[in-house]
Amino acid sequence: MSALLPKAPWTAREDLAALVRALGADNIRWVGGAVRDTLLGADVKDIDAATPLPPEDVVEACKQAGLKTVPTGIEHGTVTVVLAGGPVEVTTLRHDVSTDGRRATVAFAQDWREDAARRDFTINALYADPETLEIFDYFGGLADLEARKVRFIGEAHQRIREDHLRILRYFRFRARFGAGEPDAEAEQACADLAATLKGLSRERIGMETMNLLALPDPAPTMARMQALGVLAEILPEADVQALAALVAQEQAQGIAPVAIRHLAALIPADPTLAGQIAGRFRLSGVQKKRLMSAASRPGDTAPPQALAYRLGVPEAIDALLLAGRDAKSIENFTPPIFPLKGGQIVARGVAAGPQVARVLHNVQTAWVDEGFPDATRIEALLEAELASLK
């Protein structure tokens with residue numbers, strides 16, 4: 001008897017049923033992450049579909065059914081269908097014509113197994129009939145999923161030569177799904193071809209690395225990458241033990257993992273170097289700022305709420321966790337607004353200009369250090385500061 005995909009809320013969506021009607025039930029199967037994650041009982045975020053129809057036929061069939069499409073990757077056979085419950089990427093069955101490790105030239109195909117053969121891992125090459133929920137497994141993905149084994153389809157070295165980023169994807173999937181023994185062939189191929197990562201764009205390296213670091217506990221996987229010589233190709237500065245210590249703090253305090261915080265633990269406490277690594281990984285300006293803040297390691301001695309006021313709550317949580325201190329106390333903290341204004345100082349006889357700014361700064365610093373006392377104490381602090389000017 002064939003395996004069946006368990007019924008999940010997404011499998012009963014009416015907008016997905018409309019897509020199936022538009023293309024024809026024989027011309028569409030759910031594939032990849034949605035099938036894998038449903039089998040694992042995990043939440044499904046993105047839904048992908050495969051079809052033997054060429055992309056122009058997909059567009060026309062959806063148009064006739066009143067479904068909006070966006071040609072997000074039409075040259076590679078992918079059409080995004082915009083549905084009420086979220087977009088679905090519909091990709092024509094393909095086989096590789098040529099690859100150079102960074103990009104592939106593909107041709108459209110009609111055979112489902114041929115399409116499965118060009119995918120990366122067996123657990124990602126599971127297809128499901130949208131109506132009967134029958135699962136089509138061409139390369140032992142169901143058994144690997146049950147064993148929590150991440151295994152390349154076919155010969156591992158060849159799969160990596162087709163796309164060098166698959167090295168990092170292998171380790172990300174190991175960190176997420178691989179509770180079982182690692183696949184020896186996969187690890188050997190990743191070690192043998194680690195140097196090929198240098199040929200990839202910084203954006204692809206950065207995105208895949210940050211996706212791995214966003215997982216709850218990437219430390220054991222990072223340690224394995226280091227042992228196999230993979231981590232040295234993308235982050236030679238990495239200190240895996242420091243990452244493990246941070247993860248232990250997050251878990252002990254019940255604080256959700258953050259990729260930037262994990263990256264900060266991996267690298268030396270050097271804001272300049274942090275800025276360089278942010279550039280290397282093509283991080284956003286916001287990410288770079290947070291990474292550099294964490295790299296300055298400001299959380300060793302400062303009171304948690306004072307740290308949150310000066311840095312912001314997320315940055316203060318980073319700093320405290322990296323220092324091995326309690327961050328839970330400020331998780332829901334809202335920094336107060338300093339009530340004293342420059343005009344109030346001028347009204348007390350201080351000439352407008354730099355001196356007002358100095359008084360304001362000194363009073364505010366004392367107010368923060370004392371734990372944000374009330375207006376009476378602020379007035380006393382101001383009086384003391386004004387007295388020092390005389």
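Predicted model: local features only at pLDDT ≥ 70, side-chain atom pairs only at ≥ 80, totals over all residues.
Local features were taken at pLDDT of at least 70 and side-chain atom pairs at pLDDT 80 or more, whereas totals for chains, interfaces and linings use all residues. Residues are numbered from 1 along each chain as its sequence is written, and side-chain values rest on heavy atoms, with hydrogens and water left out.

Seven strands make up an open sheet of mixed pairing, ordered β3-β4-β5-β2-β1-β8-β9. Strands (E, at least two residues) and helices (H or I, at least four) are DSSP runs numbered from the N terminus, and two strands pair if DSSP finds at least two bridges between them. Because β3 (68-73) and β9 (135-137) each have a single partner strand, one side of each lacks a neighbour in the sheet. On average, neighbouring strands are turned by 30° against each other, direction ignored. Strand β3 runs antiparallel to β4 (residues 78-82), to which four bridges join it; G73 lies opposite T78 of β4.

Helix α3 (residues 55-64) packs on the sheet, touching β2, β3, β4 and β5 (88-92) (contact: heavy atoms within 4.5 Å). Its direction makes about 15° with that of β4, where axes are lines fitted to C-alpha atoms, for helices over the stretch in contact, and angles between N-to-C directions run from 0 to 180 degrees. Helix α2 (residues 33-40) lies across β1 (29-31), β2 (47-51), β8 (126-128) and β9, at about 75° to β1.

With a disulfide defined as a pair of cysteine sulfur atoms within 2.5 Å, the count is zero. C62 is buried at 0% relative accessibility, and C190 is likewise buried, with a relative accessible area of 0% (buried: under 20% relative accessible area, 1.4 Å probe, protein chains only).

Notes:
Buried < 20%, exposed > 50% of the residue type's maximum accessible area, 1.4 Å probe, protein only.
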